Amino acid sequence: MNKVADTKPAKLLFPEQAQAPAQNEPFANSKNIEITPEFSGFHQHNDMFSRGFWDKGFANRITMRFFRSFVKPKERMRDEEGFGQEDFAVRNGPWVVTEMFAEMKKHDDRREGFTDDFSPHIPPKVEPMDMGSPAKATKRVKKVAKLYGADLVGITAYDPRWTYRSKFSARKIASKPVEIPAEVTNVIVLGKSMRHDVVRMSPTATAATSSAAGYAEDAITLLALAQYIRSLGYIAIANQNDTNLAIPYAIQAGLGEYGRNGLCITREYGPRVRFGRILTNMPLDHDKPIAFGVEKTCEICRRCANNCPPQAIDHGPPSTYTFNRSNTRGIKKWTTDGEKCFKFWVSRGSDCANCIRTCPYNKEFDKLWSKVLRFLLSTRLRKLALHLDDKTRMHDQIKPSSWWASEKGPFTVLERAKDHALMPDLKGQQDRIKAIRDAKRAKAEAEAGAAD
Ligand code: SF4
Ligand code: SF4
């Protein structure tokens, strides 16, 4: 369980700020997503990266080679487009930043940025500065966040539903408590976009450079903004993959809508964004959740599900169905099978972003067609918009060798992507696998009941 520090709340300059959402409060005004009474928070040892260290089904030689390949470029290199030594080298370059932070306090059983928040470097000891008003403080924080490299900034209330119930210690293969100071009231969510041309090479090691660079840039922006806030006398706890779930916070902070691919789809970059968070007690105004038609588009679009190589994305409507222990329980939503996704990454030797690449919202929105498409996708003409977008072939995979050879393209296509319409054969196959899994679960539960 979260261990909330038993300290007295600090004197706040603006005590009238909004309260954290209650357990049964509707999620971001969504019609598709519902937090049910069965909801229970997430333990970090259940995420797939943690399971790669302790779960017998995943902690094996192939997973270790996958992890090693992030520092040893020849570990998984082969004679295949996008998996040569140079492809792994360009992917591994930015990981050095994140790895250095993760390694720095490993002797204290901390992997900062992965399982633990970034600890402050020389915390400034100053009294909270009077920022004028929450509105003024909000403007300042957003301005400085952008100055330090954030592409998007949103602010919402601290919501204990998204805090991990426990953290994971890879060193001890055990759970650790999460400690959040009782004074924390707000969460600043920072979005960092990834390069469109690079994501379009997914699933290759070359394409995975997009997430590697996103992590590295995100870490630097988070650290800088956290230190700025501390220097004004307020708490600032910077989170990357640790401590809490990024996607619900990004949606509550008004940065985008939830999509079938399980990601936050932003207006500005579609799903091509990484999200960091800063927990703070600085009084700030909250942004409101936004809607620009994504949920309705996802009801008739299956691009991400059709193009997911291991078929990990649900082709059906939102439900409380969970594939395995890596899913959060008790939320009605579109859910992804993390085990299948991770196994695919491990088998290929690099991460995949097909569910980002093929999404119709994955566009460069400075182009006129992209803006027109986004508008049409918010109207009743969204089906026509999807058909037209299928024709542009912007969801096809770019050949990495053509990307290396050209500054700005045009690039050669390596593999043609599937279009947006429901593919009954893929859905049928997924439904059959779910039925087999459900039957096994029911049998196991019945046997456990009989044993009692
Ligand atoms: S990252 Fe790739 S494997 Fe994982 S869910 Fe997305 S498309 Fe599927
Ligand atoms: S690919 Fe289609 S279904 Fe998937 S998230 Fe994007 S819009 Fe939604």
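In which sense do β8 and strand β11 pair, and over how many bridges? Select residues 273-280, which make up β11, together with β8: the two pair in the antiparallel sense, over 4 bridges. Keep in mind throughout that this is a predicted model.

**The sheet**

Stay on this pair and pick Ala236; opposite this residue, in β11, stands Thr280. The 4 strands form an open sheet with antiparallel pairing, and their order is β3-β7-β11-β8. Strands of a sheet pair through backbone hydrogen bonds. Look next at the edges, where β3 (152-157) and β8 (236-239) stand; each has a single partner strand, so one side of each is left without a neighbour in the sheet. On average, neighbouring strands of this sheet are turned by 25 degrees against each other, direction ignored.

**Two helices on the sheet**

Select residues 134-147, helix α4. This helix packs on the sheet and touches β3 and β7 (186-193). The direction of α4 makes about 140 degrees with that of β3. Then select residues 209-231, helix α6, which also packs on the sheet. Helix α6 touches β7, β8 and β11, and its direction makes about 20 degrees with that of β11.

Go back to α4 and pick Arg140, which is found in this helix. From Arg140, draw a distance to Val178, which is 38 residues apart from it along the chain; their C-alpha atoms are separated by 29 Å.

**The core**

Select Ile188, Val189, Leu222, Ala226, Ala250, Cys264 and Ile278. These residues have the most contacts inside the largest nonpolar core, which has 90 residues. Helix α6 gives the most to this core, with 10 residues. In soluble globular proteins, nonpolar side chains tend to be buried together.

Which residues is Val189 in contact with, leaving aside its neighbours within four places in sequence? Among them are Gly154, Thr156, Tyr249, Ala250 and Phe275.

**The ligand**

Finish at ligand 1. Select the residues that surround this ligand: Cys308, Pro309, Pro310, Ala312, Ile313, Thr336, Cys341, Phe344, Cys352, Ala353, Asn354 and Cys355. The elements that give two or more residues to this shell are α10 (338-348) and α11 (354-357). Colour the shell by class: 10 of its residues are nonpolar, 2 are polar and none is charged.

How values were computed:
Residues are numbered from 1 along each chain as its sequence is written. Chains are lettered from A and ligands numbered from 1 in the order in which they are written. This is a predicted model: local features need pLDDT of at least 70, side-chain atom pairs count only at pLDDT 80 or more; totals for chains, interfaces and linings use all residues. A residue is near a molecule or strand if its C-beta atom, placed from the backbone, lies within 6 Å of it. Ala, Val, Leu, Ile, Met, Phe, Trp, Tyr, Cys and Pro count as nonpolar, Asp, Glu, Lys and Arg as charged, and the others, Gly among them, as polar. Two strands pair if DSSP finds at least two bridges between them. Axes are lines fitted to C-alpha atoms, for helices over the stretch in contact, and angles run from 0 to 180 degrees between N-to-C directions. Two residues are in contact if their C-beta atoms, placed from the backbone, lie within 7 Å. A nonpolar core is a set of buried Ala, Val, Leu, Ile, Met, Phe, Trp, Tyr and Cys residues joined through C-beta atoms within 7 Å. A residue is buried if 20 or more other C-beta atoms lie within 10 Å of its own, exposed if 12 or fewer, and partly exposed in between; C-beta atoms are placed from the backbone.
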